Amino acid sequence: MTAMPSITHSLGRGVGWRPEIDGAIERAEGIGFVEVVAETIDPRRLPAGLRAARELGRAIVPHGISLSLGGADPPDPRRLRHLGAVADRVGAPVVSEHIAFVRAGGREAGHLLPVPRTAEALEILVENVGLAQRALPVPLALEHVACLVEWPGAEMDEAAFVGELIERTGALLLLDLSNLYANAHNHGYDAAAALTRFPLDRIAYVHVGGGVLRDGVYHDTHSHPVQPGVLGLVEELYAVADPPGVLLERDDDFPSEEELLAELAAIAEAADRGRGRRG
Amino acid sequence: MADRAEYAARQAALLEALMRGDGYPAGFDSDRAGRAGSSLRRKRARAVRSAWPGLSAGLGPDFEARFDAFVRATGPPASDGGLVDGLAFVDWLGPGEDAGLTEPVRVELLLARAAVRRRRGADGFVRRRGAFVGAARLGDPPRLIVVIQAPGVGRRVGSVPLPRTGRPRPAAAKDGPEIDEAAG
């Protein structure tokens, strides 16, 4: 087992940085950090909005989407170098990636696909995550993904699978409450009960994103408002844990500045309600 | 000891089936897999719309269905991203006005070919690092759009007016000579 690095960062409230909402993010008050999709950044030419975030004293967290840590191949050293270079350039306290595969057999999915929840998949993930950790300059946080389709033959549930991966690698957890909500809704289990079984003491930060219910299926779109059920999970989480940061993800159909601020406020209020329930 | 080759084969089979919307491996819920596959195809379509606005406008309401058919027929790509996916889609559509190769599309095609090239000896695309010279002849007004690109110089795009000849214009852009790594 890998020694657990302690969590020393404190991030506060965050928002996913996208060029389309650059100005609104810069003007928003009370923002402690932004997350940026690492693959969209050239470390030699940092966008003005990210330079401004640094000047405002905000932390910047690079978020990888292409390492395919859940794939059969070891992570590509060039992709790891890029993620590390972005982390160095922005002075990141932590970087994050997904528990997923995005390519197989030389073909690209263009999307985060789930891995089988088996001992074999865990073994491969542990090896791949270890390679990534040794190549990266800062701690790595792992995010569980939303998936409409599940592999047959699961040997454990998602919380147990993620918990074992975090324990065996010493990685941090990027807890995505919208993904948890989506999977619980679509695969028929209690999200609030599952939440408490994730390794909450290993959270690097929390994702909250919007989604939509269509034909009885919840789609984690990041292009719709945050649903009340997801805000309910924010409250549940803060009632039992004190994560270093919580971040709103919005990737498309960008809202007005007022709507964006209202979403951030709603998340903060849900967290406060949770804190208020602690004994 | 995990069998990585077998694991890779299972993941590749699932990815292939999701993109093609058919042939799901044993044990998968075909309804859910169908929804997941539609979502993958729509995500690729959005990226192509964004990178190729002229192409999606040219195909109009047919864009979604044609692109969906393209992905179902060709499966997952060897390179991802809206730019290269659009390039492969245009190749799949074939030449001609009927396939959506309007003048804006021919310009998009020219710029895409300047940006990337097909991998040698393998599927997929890589960023073009060498030189590129290409042109597209447009008819309204008659002109030649020329792209010249060279390492250290960057890309220059110019428009050269042509005399009105009255002759039918070519249906598709013609690539100029590629001098790629020779000059790179």
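Predicted model: local features only at pLDDT ≥ 70, side-chain atom pairs only at ≥ 80, totals over all residues.
In what order do the three strands of the open sheet in chain B lie?

**View 1. An open sheet in chain B.** Three strands of chain B make up this open sheet, in the order 3-4-5, and their pairing is antiparallel. The edges are formed by strand 3 (132-139) and strand 5 (154-161) of chain B, each of which pairs on one side only. From one strand to the next, the twist averages 15°. Helix 6 (residues 103-115) of chain B packs on the sheet and touches strand 3, strand 4 and strand 5 of chain B. The direction of helix 6 makes about 180° with that of strand 3 of chain B.

**View 2. Strands 4 and 5 of chain B, side by side.** Here we look at one pairing within the sheet. Strand 4 (residues 142-150) of chain B runs antiparallel to strand 5 of chain B, and eight bridges join the pair. To find your bearings, look for I145(B): the bridge partner of I145(B) is S159(B), in strand 5 of chain B.

**View 3. Two crossing helices in chain B.** How do helix 4 and helix 5 of chain B lie relative to each other: roughly parallel or roughly perpendicular? The axes of helix 4 (residues 63-74) and helix 5 (residues 82-93) of chain B come within 10 Å and cross at roughly 90°. Helix 4 of chain B is therefore roughly perpendicular to helix 5 of chain B. On the side of helix 4, the residues that meet the other helix are R66(B), F67(B), F70(B) and T74(B). Helix 5 of chain B brings F89(B), W92(B) and L93(B) to this meeting. Sorted by class, the contact has five nonpolar, one polar and one charged residues.

**View 4. Chain B as a whole.** Chain B contains seven helices and five strands, and along the sequence they follow the pattern α-α-α-α-α-α-β-β-β-β-β-α. Of the 184 residues of chain B, 29% count as buried. Among contacts in chain B with a separation of 6 or more, 57% come from residues 24 or more positions apart.

**View 5. Where chain A touches chain B.** The contact draws 20 residues from chain A and 24 residues from chain B. On the chain A side, the elements that give two or more residues are strand 5 (101-104), strand 6 (107-113) and helix 4 (119-135) of chain A. Strand 6 of chain A gives the most, with six residues. By class, the chain A side divides into ten nonpolar, six polar and four charged residues.

View 6. Strand 5 and strand 6 of chain A, both among the elements in the previous view, pair in the antiparallel sense over three bridges. One bridge to look for links R103(A) with its partner E108(A), in strand 6 of chain A. The hairpin has two residues between the strands, and G105(A) takes a positive phi near 60°.

**View 7. G153(A) in its loop.** Is G153(A) buried or exposed? With 9 other C-beta atoms within 10 Å, G153(A) is exposed. The loop that holds G153(A) lies between strand 7 (140-143) and helix 5 (158-169) of chain A. Leaving aside neighbours within four places in sequence, G153(A) is in contact with P116(A), T118(A) and, from the other chain, G27(B). G153(A) and R117(A) are 36 residues apart in sequence, yet their C-alpha atoms are 7.8 Å apart in space.

**View 8. Two positive phi values in chain A.** Most residues other than glycine have a negative phi. D215(A) has a positive phi near 50° and is found in the loop between strand 10 (212-214) and strand 11 (217-219) of chain A. D215(A) counts as exposed because it has 6 C-beta neighbours inside 10 Å. H222(A) has a positive phi of about 60°, and its place is in the loop between strand 11 and helix 8 (228-240) of chain A. With 19 other C-beta atoms within 10 Å, H222(A) is partly exposed.

**View 9. Inside the largest nonpolar core.** This core has 120 residues, and those touching the most other members include I60(A), L142(A) and V208(A). Not counting residues up to four places away in sequence, I60(A) touches, among others, F33(A), V36(A), L50(A) and V90(A).

Methods. Residues numbered from 1 in each chain as written. Chains lettered and ligands numbered in written order. Contact = placed C-beta atoms within 7 Å. Helix = DSSP H or I, 4+ residues; strand = E, 2+ residues; numbered from the N terminus. Nonpolar A, V, L, I, M, F, W, Y, C, P; charged D, E, K, R; others polar. Buried ≥ 20, exposed ≤ 12 C-beta atoms within 10 Å, placed from the backbone. Pairing = 2+ DSSP bridges. Axes fitted to C-alpha atoms, helices over the stretch in contact; angles between N-to-C directions. Core = buried A, V, L, I, M, F, W, Y, C linked by C-beta atoms within 7 Å. Parallel < 35°, antiparallel > 145°, perpendicular 65-115°, else oblique.
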